Each structure stands twice: as C-alpha cells, then as structure tokens.
Amino acid sequence: MWTAGFVVGVARAPNNARNRRINARPARSRRVGIVMAVPPSNTNARLRQESQQNGSAASPNQNSRHEQGPNRAHQQPIQGTQPGANTAPPAPGQGSRWSRDNNASTRRPMRQAARRRIKAVVDREREPLFTRRDPFKSIPEMAVIAKEQEPYRKIGQLDRAQVIELFQELDDYCTEYGESGDVAATERNALELLKSSAVKLNEAITFTPRTGARLLHIIVKYCRTFPRLTNDIREFMVSSGLLKKWKERSVSALQTKSYTVIDLSIMIYSAGVLGLGEYMGSTRTADSSAHTLARNDFLNTWFKSAGNLYKFNAQALSNTIYGFARLEIQPPREFIMNFCWMFTQTVRNMNAQALTNCIWSFAKLGILPTDAVLDAWREQYNVVRLQSCSAQARANSLWALASLNLAFPSTRFFSAFETRVFLATWVKDFLEVKDQFRAQELANSIWALGRLDVTLSDDFVQAWYTCFIAQARHFAAQELGSSIMGCALLRLRPSELWIESWQQRSQAVPTSNFGPQELANSLWAFAQMDIHPGELWLEWWLQRAQAEIEADGFILSELSSIMWAIYRLEVFRANHVKSFIVSCVNQYISLLQRQPASVSAQSLRNSISAICHFDDLDVSLARAFERAWVDAFRASTMRRMWDFASLCHALWGYVRFASWRDFSANGSEKKGEVDLLDLWQDECEDCFPKSTVLIDTSAEDSVGLSILVRAFGRIGRIPRPWVIKVWTALLEYNRSVCVKLARQPSPEVLIAVSSGIRLGILPSNMVKEWFELLERGGVDLCSYSPAVLLNLHHAAVSYGYAALVPASLAENTKRMILDRRVSLNGIDLSQYISSVVAVQSARGIPSEAAEMDQKVLTAWRARVYDEALPLMSTQSLSTCLWASATLDMELSEREWNAWMSAFMAHGRAHISAQSLSLCMWACARYGRRPNDDFVEFWKKRVLETQSEMHAQTVSNVLWSCAKLAIPCDDDFIVHLLDRFETCPDANVCPQALANVLWAVAKINSTGNIDHPVAQQSLAPQSPAATFWSLWSRRFMVCESMDPLSLGGVMWAFPRLLRACASTTEENTRSVLAHWSVLALEQADHFTVSQIGGMLYSLSGFEPEVLGSADIAHAISALSNAAASKCRAASGPSNAGVDLEALLAFYKGWSQLVDSPATHPDILEPWAKALHAKLEGLNDRQRHAALQTCERLGVPPEARLRA
C-alpha cells in the first residue's frame, strides 16, 4: 500500500535527532514541488514510540531510511542544534534541504527511481479532474510527517499528520457509504462526523492553501454522497462561523505563496458547487444576472495569487471559471482577458466536459468571450465530440450557445457559416445518441435550438417527440416550460399525443414547482404555436395563475406575455377569462408604478399590443393602464432600451388602444398626447439605421417602418418628412426588386402601400405602378392572407383609387367571401362590406356585376349573421350594421336579435364613440329603436365618451336621437353641442353641419307642426339658441353642399330662426342669401319633393326677407327645375316623380306665389305630370288625390285637366 501526503509551507531545519534520518531522504524535485512516496516500514510503530520517549517525533519514511545501512555510514549530524530548536533553511545555491554529501553511487539509482516516479505523477496530474474520484490523490503526499513540538500550539489543534489522517477518514466514510448505500443508518452519523472534523481541520495549526482547498472539496464530496444533507451542511458552515474562519485562514495561507494552481482552482470550484456566492462577499445588482465583485479580502487575495494565469493548465482553467459561474461572481475584466488568452493556449488539452464547463460559465456570467475563444472552442469541440462527449455535455454546450446568442445577438460567431455547420452536425449527432438524453437534456436542447433558430429535419423532430413521450413522467416543471417554449420558438406543430402527454405531466407535477415563469411560458408557447390548449387545461391554468397573482408572484415580463397570449388565443371573450384579465391588468399597473425601472421594452410592447384588443375593460381601469404605461414608456426612452422595430409595434398597439381614440380620430391636441407623439418620433429617428436607406423586405426595420406608417394612418396624422422620405424610397426599392427579379412583394410591403394610400403620402403615380405590378407582374394574390388583400382593397376604393383597383384584386376579395374554406375574422368582413359601400357610392355597377355582387352579399350576410357575430368586436359589429343599413339590406327579426345579443354580450363597458354613433345611426336608418335599457346605457356612454367624438360622430348621434325620437334633456344636448363647438373648422364637413342643424331643430320641435310659423320661440339661453351663432358662422364659410344637406338646412331654418330671440334680420338675410347661392349651384340635382319642401320652408319667412334678389332668383331657379322634371315625368317613361312629390311641390310653391294660375309655365307641366300619375291609380286612390288637390287650393282648371 502506498501513502501520500502534502509538502506545503516553509521547510524547517531538522534537529539533531532527526538530522541523520532526514539527510537520507531522496532529492526533492523543485519543478513540481513534490517528493516521492515510499512504502512504510513494519517498524513504524516501534520507532514512533521510541521517538516520543526521546522527546522527538519520527516519521515512518524517516525510519525506513534509517534502516538502510549503506546510507547511515555517510550521514553526519548537524552541529550546534538542540532538539526542538529551529534553524534557517539552506542558503541559496546549496541545493535542496537534503544533504548533498551522500555517496554518488548510492544517490544515482535513488534519483533515477525518483525521476520515474515523478514522471508517473506528472502523467497522472494531466488526467482530467472529472475523471478522478479525488483530484488530490494525484498529488503525492508523505506517508506521515513528523509531529513538531511547538510551545505556542493550542490544546486540540491538529498537526499535519493528524490533518492527513482525518482527511483519509472522511474520504473512507464516503467511500464506504457509496458501497453500502444504507442512507438512513449513515446520514446522521455522516453529518456529525463532518461537523466535528471540519471544525478541527479549519483550526489546524498547519492550515495551508492545500488544506483549505481539500476541506471544501471533501465537503462537496459529502454533499454529493448525501444530497439530502446539502442544506444542513451549508447552513452549518454559515451559522457556526466555519466559512468566515475558513476565509480568514485561507487569506493568511495564500499570502505565504505556498500554493499551486490546483489549490486555487479547487477553492473556487468547491465554493461554487456549494453555492456560497452570497457568502463570499459579493453583491448582486438590480440590472445584472451575476454578482459583481465587492470589497473582499479573500477574493482580492485570490485574484492576486492567480496573477495572469500563465501557470494554469486546461483543467485548472475549466474549474476556475466554472466555480465563478456557480458562485455567480463576475471576475474583473483583466482576469477575463487573461483567461481568454490562456484558453486559446490550452484548449487542445481540454476534454468535452472541460469545454462544456467553460462555455456554460461564460453564458451563466453573461460574458461574451472573444472571437478567438469561440472559434477555438468550436474547433476543439468538433474534435472531442466523437470521443467521449456525454449527453449532458452536448445539451449544456448548446444551452450555453443559445444563452450567449440571446444576450449578444449581433455577435459574428453565431452568423458564421462554420457555426451553422456545427449546429447542423449537433442535430445529426443527436439521432445517434438520443437514447442517452435524459429529461433535462431533452428540454435544454429543444429550447436552445429554438433560440438559435436551427432548421430541424423531420427525423430529428420525430425522434425528439418520441424521447419526450417516453420520459414524460421524469420531466420537472422547469423542463416542461423549456420544452414547450422550444417548440414554439421553432414554430413546430406538435401532435395531439405530445400535447396530451405534456398537459398531463404539467398537471401532475407539484403545483408549487409549476411557478410563475412556467405558467407564463406555457401559455405564451400555445399562443405562439396557434394551438388552443383546451378548456380543461385552460381552467386549471387560470386557477394556478390567479393564485400566483394573489401571491404577487408574477413579474412584469411574465404578465405581459400572459396578456399577449390571451389575446392571440382569442379566449378573452369568455366570462371566466375576463375576470382574470382584470386581475392581471391591475397587477401589471401596480408593478409598473412600483418598479418603473425594471420594465423592458419587450414587456411594454407585448402589454400594449394585447390590451388594445380587450375592449371589455372598464373605462377607469383602461385609463389607469394608459397613464402607467405612458409614464413607463417615457422613462424607458431615457434608458435607450428600444430598437426601431419594437418602437413601431408599440406605437401601433398604442394607437389602437381605446383610450386614445379621440386623438386618433381627429388629431385633437390634448395635453400630453402631442408631446408623447413627438417623443415617439424622436426615439424612432434615433433608433432608425440611417446608414441603410434601401432595406430588404425581410429586414425587421423594413417591417417596423411599414408599421410606423400604418400607425400614423390609424391616427390620421402625417409623419415627419424623414419617415415619408425613407418609407417612399423603401417602397420604390422593393417595387423595382420585384419587377427585376420577378419576386412577389412581401405582405408587409402591401400593408405599407395601404397605409400610404390612407394617409395620402403615397404619390398617385406610385399607387398606379403598384397596382400595375399586381395586375401584370405575375403576382399570385391567392398566396396572401385575406387581411392583406381586404385592407389594400378597402384603402383603394375608400380613398379615390377605385378606378385603378386591379380586377384580380377585386375578384380575389369576392372569392374569399364565397369560399367558406377561407377563414375570415370580424375585421376582414367589416372591411369588405365597407369597400362595397364605397364602390357603390362611387360609380354605377353594370347589371351582370350587380348580380355577382348580390350573390357575394348574400354569402357575406350568411357569414356574418350565422357565424362570425359572437366573435366580433363592437367596432366590427357597428361597421357591419352601418353598411347593411347603407346598402338597404333587409334584416330579419332573427338576424336583428342576433346582432343585438352579440353587441350586448361585450359587457357594454368599453365601447368607442365611433361604434356608438354608427350602431345608433344604423338603427335610425332601419327605423328600429332598441329597448329602453340599451337606450339609457347608450346615452350614458355617449356622455362618457363625448371627449373622443369628432364632428361627424356628434352629428350622427344627434341625428339618430332625432330620427328615433329619443327623449334628450338639455344637459345631453349641451354636452354634445359643446363638443361640436370645440371641433376644428377644418374637420367639420358640410353634411355634419347640416345634420346637426336638422337634429337640433327636430329635437326642439314640440308636437306635429303643420307650418313653421306656428312654432313658439325658445328662450335665448336654450341649447338651440346658443348653438345658432356658432352654426351660422361655420355655414357662411361653406363653399358647397350636397342637395340633401341643403334641403335639411332649409327645413331646420325657420324652426330655429324664430326660436332664437337674439337673431337679427340682417343675420337671417345673410344666411338665407348664402343658402341661395349654394342652392343655385345644385338646382338641377334636387328632386321635386326636395324642392317642394324647401319652398314650403321658405314660405315661413317674412316677405321683406324673401324680397332679396338672391333669394328670389333661387326660388325662380328651383321652380323652373321642378317644372322641367315634371315635363319629363309626364312623358312616355312616366318615371322619376311620384304623386307625393308632386303634391309636396305644389304645397310649397303655392305658398310663395300670389296666384298659381298666373304662372302657366310652372302649373301646366305640373298638371300634366299629375294627370300621368293619376292614370295608374284606381278610383279610390284617384278620388283621395283629387281631394288633396282641392285642399291645397289647386286651380279648378288644373284639377279638371288631371
């Protein structure tokens, strides 16, 4: 049996009693700092006893040398020393402390044997640390070192020999336990033995760096042998002061410079494995994942001792960096640079485990190695992967690369061709060693492959699925989260069997282990893969997530991912999900207010992109979220944490948020909003890569720029010139590339074209060129999603480019409606019907096209009212009802009830002003008044959202109230008219101006007024009287107005003019004069009925007012236009004018002339038209018409002719 021991510290000169034996020892090798071990003698016990009696201690090695006769004759004692006295070491140049006067013939064979043994030790030293049971056994130790009698030694302190024996006893105990495997009988004894032994070793008088390193290493061995004692051992080390004492003694020992690189590396390695990072004097900063080096004597002494690492071999480097990673202590920059240089020098000697530890440590510490280190690591890994690379090493290496790529995405190494080949080789090797992969390796591998965006073969995917299903019961909660997240990142579509296995295991693991991160990652992954998890699992998930919210367990990034996933899965309509969303949003607001500096750009982007779809949120909650989110965004811009694409996506989500609809509708400048928009554009301009103007369509910045323009189109604002310039150049570049290379434009480019059309910033010639490319460029429109094509078609026909729309684009939109296999959502269906309204109002439709459109409309109607209504938002619902009413599409009672139920199902808590106005306008157009509960809620919601309304919305609301005879008090009218007054003049169209006047006059009318003169005057302070002055000022600046609006204005004139006591005759004359000018321009476009109504309203004014030349000229022109239309109606066609219109005209015209008989040029055409209409009536209808003529005072000759 061979024994070994340490030789550390400064050598002491032997006393006289030991001198003869010591001089007989072989020469010491200074190169490796060790001496050779020799077999112990049988006389060890006897010599030890004799030496104790003589007052000195003799080691077994010395006794064995003492027995060798030939050497003993040449040993000379050192004079002048006494037993126990200390002498100085040999002077420099005198060789080792061993005597040099031995016989040469005797020393030579001893030196040769020593060299052979030293070579064996050095070869042993080169073995990888992880292949040895105990790394310290590779270093020779002296069998027994002589005990020293020192006067200052404390009672109970161990000397060197006792330290070695105690280490051997601890090591033997672990070995025996490993062979016996009796856990219950040995754990308590092991803990007591380790506690008592560790305290003794820590207080040993011969505490050297080797002792300190081995003490931690033996504790690591105990933790691995008895894993259930790990926490108890760590707690004992801290609470008993053992660790503090160890650091103090290690500092003193390191200062003696009696250490090796193995000692230094094992100290850090063992401390890291024990997880002592928080007790090593390091601190963790809020924005860092690793500890930063604090003021600490031990660590500073250690770094000083390590120096520039030039003595560290491959294994020592691997142990050291691994230890720092486990400690979560980030070494100084100088240390890292030295480490990287030494790594490139020693990487050829590293095995797979050492390579894995190095790259894993870099990833754990968040440190990007140099390119030379990464390249050298990749080359050496390709060498050792075929030799002895375990599954754990393969998985951990891949995980480390993915983590580094996540932290440093722009690194050249990850985009290099050699790295992609390396990853492809890793995937190929997996198929050969897949059976060696355990649950943790499988989870880490798929997550890393997803982060690295590696293209996988079908064989790999199926093999990984098979391994997962086979080992599903061994997956822990964190591994389940990594597995499904990896599948989502790789855009895989797992089979139903895999999903079922995953869900069963997720519900089987302890609920305490399936924590916030796993909950957020799992739901995010299902949303990313577009797979509904199922009602049962979703119910279980909601219960777990609600419990975590109540316990304040989620962080901001996890909450934002959850909200985004709920939106993508489209489960936010369910009642049990709505309550969870409220809790989630409240928690997110609370964390934003408490931790504004901890929110990331991705979290802000995900949260705003999701919450803009939650239209059932309470208004106060939505406003609170908006305030907190805006404050966090402002703070984030100060930290420069945004990239251009994320900024654009966040802007798009924010403009869709319902709390900003007033700004997006008419560009009103409320406090803070314009400032925020300017800040947004400033940040975008700073982030945009100005060096690249022509960006490829696949670039993220290209997509971001298109989204930015789309967001500005949503709020109706023109972006800054630099945005328009770069965006226009981008579109032109992409169009030229598509033409030259016969490529199809990307969907993002077509969306950008749609946004440019809506904003009016895309030149008409470019619009024409893009439509020509779609028509003649060989573009396959069927390859695009319905949302892209319907959005482009809607923009073109709604903003004046209906004549340029390619026939293929129009036909594809119709095909999508007719083909039930094409999935369409509420936005797609509402955009299509809006396009139909725009097309039919812009141009006439041929008969064949009309039949086709009728077929498409029937299919659209079936899709909306039979399928899509329950899933539509309030905006889509109101748009569809508005378009149905505009197209005079008759709705059955079942369809009307289905629409009302779908609209009421949204909770009626968050409906935009635009949706409210459109839905009530459609109800008025259909003549269907909703129930009283809905009307009361609608009026209340209108008052709440009146600040979001623009001029057209206000006019629609008032017109609907007047049309449906909805009772409105003065407060309701005053608030709406105040909002109308604050709208900029440029945003008030003539139609809105006319509708508001007509609605106010209609609402203030009492009873069935037969003649406007009979209306009583209203008080000067009434809403109508207050409104008149503002309205008349705006009316005077109108340059044109359509006939229908002019008719409504004239109907409302007398009902309001006489009601306004403050109105002067001069004001009345000027308003009527301007109306006459506008009416003359549209005289030929009025119908006979409209002319009759306007003439009847004019008859209510005083003759002095009507005597104006402009008004008289307008009356004459309108009368002649009616006569012309009557002549046409009396012809063969007998169409265009009905009986009611003729009677209405005569009623108004006869009030303005003294005697109708004196105007035959008007009366005769009217009588002929009346005769033509009466011929088609039966006797009863004809008799009733003649009675009406008699009541209106039609001259007898005209009645006889009829």
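Helices here are DSSP runs of H or I with at least four residues, numbered from the N terminus. The model is a predicted one, so local features need pLDDT of at least 70 and side-chain atom pairs count only at pLDDT 80 or more, while totals for chains, interfaces and linings use all residues. Residues are numbered from 1 along each chain as its sequence is written, and side-chain values use heavy atoms, with hydrogens and water left out.

H45 itself covers residues 951-963. From the first C-alpha to the last, its 13 residues reach 18 Å, close to the 18 Å expected at 1.5 Å a residue (the expected span is 1.5 Å times one less than the number of residues). Eleven of the 13 residues are buried, so H45 is largely enclosed by the rest of the structure. Buried means under 20% relative accessible area, exposed means over 50%, and partly exposed is in between, using a 1.4 Å probe and protein chains only. Among the buried residues of H45 are Val954, Leu958 and Trp959.

Threonine 320 sits in helix H13 (residues 314-327) and is buried, with a relative accessible area of 1%. Its side chain reaches the backbone oxygen of alanine 316 at 2.7 Å. Leaving aside residues up to four places away in sequence, threonine 320 touches Ser265, Ile268, Trp302, Phe312 and Phe335 (contact means heavy atoms within 4.5 Å). Tryptophan 727, in helix H34 (residues 721-741), is buried too, with a relative accessible area of 0%.

Next comes a pair of packed helices. H14 (residues 333-346) and H15 (residues 352-365) pack at an angle of about 155°, with their axes 13 Å apart. That makes H14 roughly antiparallel to H15, a label for angles over 145 degrees. The contact is made by Phe339, Cys340 and Phe343 of H14 and by Leu355, Cys358 and Phe362 of H15.

Back to phi: most residues other than glycine have a negative one. Arginine 491 has a positive phi of about 60° although it is not a glycine. Arginine 491 lies in the loop between helices H22 and H23 and, at 59% relative accessibility, counts as exposed. Aspartate 530 also has a positive phi of about 60°; this residue is in the loop between helices H24 and H25 and is exposed at 55%.

How values were computed
Helices (H or I, at least four residues) and strands (E, at least two) are DSSP runs, numbered from the N terminus. A polar contact is a pair of N or O atoms within 3.5 Å; within protein, one must be able to donate a hydrogen and the other to accept it, and residues adjacent in sequence count only if both atoms are side-chain atoms. Axes are lines fitted to C-alpha atoms, for helices over the stretch in contact, and angles run from 0 to 180 degrees between N-to-C directions. Angles under 35 degrees count as roughly parallel, over 145 as roughly antiparallel, 65 to 115 as roughly perpendicular and the rest as oblique.
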